[in-house]
Protein chains: 2
Amino acid sequence: MGEKITWSHGAGGKLMGELIRKTVLKEFSLRKAGQVGLDELEDGATIEIDGKQLVFTTDSYTVRPHFFPGGNIGSLSISGTINDLAVMGAEPLAIACSVVLPEGMEIEEFQQILRSANEVSKEVGVPIITGDLKVAERGGLDGPIITTAGVGLARKLIRNSGMRPGDKIIVSGPIGEHGACILACRHGMGTIFSDAAPVLAVVRAAMSTGEVTAMKDPTRGGLAAALNEIAEKSKVGIELDETSIPISQPVRGLCDLLGLDPLILACEGRVVMGVKEEDCDRVLKEIRKVRGGEQAEVIGRAVEEHKGMVVLRTSVGGRRIVPMPSGDPIPRIC
Amino acid sequence: MGEKITWSHGAGGKLMGELIRKTVLKEFSLRKAGQVGLDELEDGATIEIDGKQLVFTTDSYTVRPHFFPGGNIGSLSISGTINDLAVMGAEPLAIACSVVLPEGMEIEEFQQILRSANEVSKEVGVPIITGDLKVAERGGLDGPIITTAGVGLARKLIRNSGMRPGDKIIVSGPIGEHGACILACRHGMGTIFSDAAPVLAVVRAAMSTGEVTAMKDPTRGGLAAALNEIAEKSKVGIELDETSIPISQPVRGLCDLLGLDPLILACEGRVVMGVKEEDCDRVLKEIRKVRGGEQAEVIGRAVEEHKGMVVLRTSVGGRRIVPMPSGDPIPRIC
């Protein structure tokens, strides 16, 4: 008997990266159609057409419960794909939406999911132009799975490898709310609202105001995974200031109770970005004017030292390494 | 309690069309980014960029068993997306591949699936540039689900509405082999090989030789569903000649045994097309030179009469209507 898939392989951290490197990257021969290919393991890849970089991305959503405070699998899936395009510097053009439903699901419930998906599509003005529908028979699937794909046109291609020493790091709002929301649902520990939402308006505000050097939406594995990835790919050190990282009271409370680090809890409506130091104040000001960016903060900076590593200056004056999480603390948060 | 999802809703026939019209098309506000949008319910849709039509398509694959004679869910998913691009007249540029795996699956089994996917990608020369990986915990999912999306550039956009009276209808090879393969697997009725394969070479041969007016890969619901859709959208009648429709002996045998009509069994490596009458002989000749097209046949023609309907001239000289199937005879064939 060989090695088996565990849920940690799908949790967005170190284990997932290892699995993808030793399976997908090993088996696939053709992995590139533009500047960014599969090997880069970014939020999407690019297709070059007439010298333009078209960004192409996909994600499968398997979140349980599929309705949660602040959203459902429908709004989550459209937001997620919009965000993957946005953080690569692309203006989204169209979305494809493929649904697998379990037999016996109420059609009205499916409609509610579609309605929430539509609200996000309308908010950002991006059409859903094609899709697929499959049904899995009773016992084969425990709820809906939605896979969205998106195509966008890069205004300026933003790569995870673009951060430079001196850049400031901005996060667009309080972290960990989606992860905390799903955790609280699963453990029956009260209501925390998910932050699931498109970050397109925040990204547009930032990119039109200053130079954004790297950008990610910190989903599975949270801010810790996103910044470790940027630090590694950009070959910079990252220094975070714990006191400036926005965390809501409910999220902090849940983390204290469960002994969890909020830095590894997923966001689904936040973006973390590197910004040239001289542009930082203006970018922060513009982001704060935008819906979803009101609580943006500068949380740290890129440095020459400790390349590839994220270091946190704690609130009590100490320093600790923030490692790449092996995965997210719970499965199927997205 | 409201109406519930049944597996027939995912079977590609009349019931699925009705569900999509009363849910997806009703709830989604923005449905178009180019000449072909969601409302057309074609194999994909288009995004207009600088006057060019980029074709965008997606499908989720849930086939059970996920390994079957002649292929597996990996080769099937890549072929299916290549075929959806090809039948719209597009040259595929890139594929995205999103995987949901069940916890406990052997990693070696996942690699076999990737290897088969890679073989198709290499055969057609289309890279797989981005993707996603999720894991569903034990009991949540009965096997892998793969969702592929594809982007291609339309050389000449082919629509299901383009067939005109007088056009000849060509099918690229024996029908129903994928559906029969899965049926035989499920019922333990011997080995029938699936036809799952890309039809890109056949489509290229046809389009470069003559005028192709409409084209579909007859998947769920088989030739009957594909031709009813074309007849309805093109507002033509279709006349089929039963004796000229290629059907292999094993498929015919299985259909006789189970009392099934081979016209409603899915293909996953065939294409059916309308061709201008004067180009038909040359197109047929060129298709037959291509791998997967050796057994192509002219199986009928489009007529002015009985608009929107498919009529079969039977081998014994009678005529019968071939209705739009309500769905495929079994769930999860793709």
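Start by selecting Lys233(A) and Glu229(A): their side chains form a salt bridge, with the closest N and O atoms 2.8 Å apart. A salt bridge here is a side-chain nitrogen of Lys or Arg within 4 Å of a carboxyl oxygen of Asp or Glu. Both residues sit in helix α7 (residues 222-234) of chain A, four residues apart, about one turn of the helix. Helices (H or I, at least four residues) and strands (E, at least two) are DSSP runs, numbered from the N terminus. Over all chains, the search of the whole structure finds 61 salt bridges.

Before you move on, some housekeeping. This is a predicted model, in which local features need pLDDT of at least 70 and side-chain atom pairs count only at pLDDT 80 or more, while totals for chains, interfaces and linings use all residues. Residues are numbered from 1 along each chain as its sequence is written, chains are lettered from A and ligands numbered from 1 in the order in which they are written, and side-chain values use heavy atoms, with hydrogens and water left out.

Now click on Lys235(A), in the loop between α7 and β10 (237-241) of chain A. Its phi is positive, about 55°, although the residue is not a glycine. Next, go to Pro65(A), in the loop between β2 and β3 (67-68) of chain A. The peptide bond from Arg64(A) to Pro65(A) is cis, with omega near -5°. Hop over to chain B, where Arg64(B) and Pro65(B) are also joined by a cis peptide bond, with omega about -5°. For background, most residues other than glycine have a negative phi, and most peptide bonds are trans.

Time to show both chains together. Which residues make an aromatic pair across them? Select Phe56(A) and Phe56(B): their ring centres are 6.1 Å apart and their planes at 75°, so the pair is edge-to-face. (Rings of Phe, Tyr and Trp, its six-membered ring, pair if their centres lie within 6.5 Å; planes under 30 degrees apart count as stacked, over 60 as edge-to-face and the rest as tilted.) Phe56(A) lies in strand β2 (residues 52-61) of chain A and Phe56(B) in strand β2 of chain B, so the pair joins two chains.

Colour the whole interface next. It takes 85 residues from chain B and 86 residues from chain A, contact meaning heavy atoms within 4.5 Å. The two chains bury about 7,200 Å² between them, 65% of it on carbon and sulfur atoms. Buried area is the accessible area (1.4 Å probe) that two parts lose on being put together, summed over both. In chain B, pick out Ile5(B), Ile107(B) and Ile129(B), which lose the most area to chain A, together 10% of what that side buries.

For charges, zoom in on Lys52(B) and Asp50(A), whose side chains meet in a salt bridge (2.6 Å, N to O). Elements giving two or more residues to chain B's side include α4 (107-124) and β6 (128-136).

Finally, superpose the copies. A rotation of 180° with 0.0 Å of shift along its axis puts chain B on chain A (RMSD 0.0 Å), by least squares on the C-alpha atoms of residues with pLDDT of at least 70 in both. The two copies are thus related as by a two-fold rotation axis. To find that axis from chain B, select Leu141(B): its C-alpha is the nearest in that chain, 2.3 Å away.
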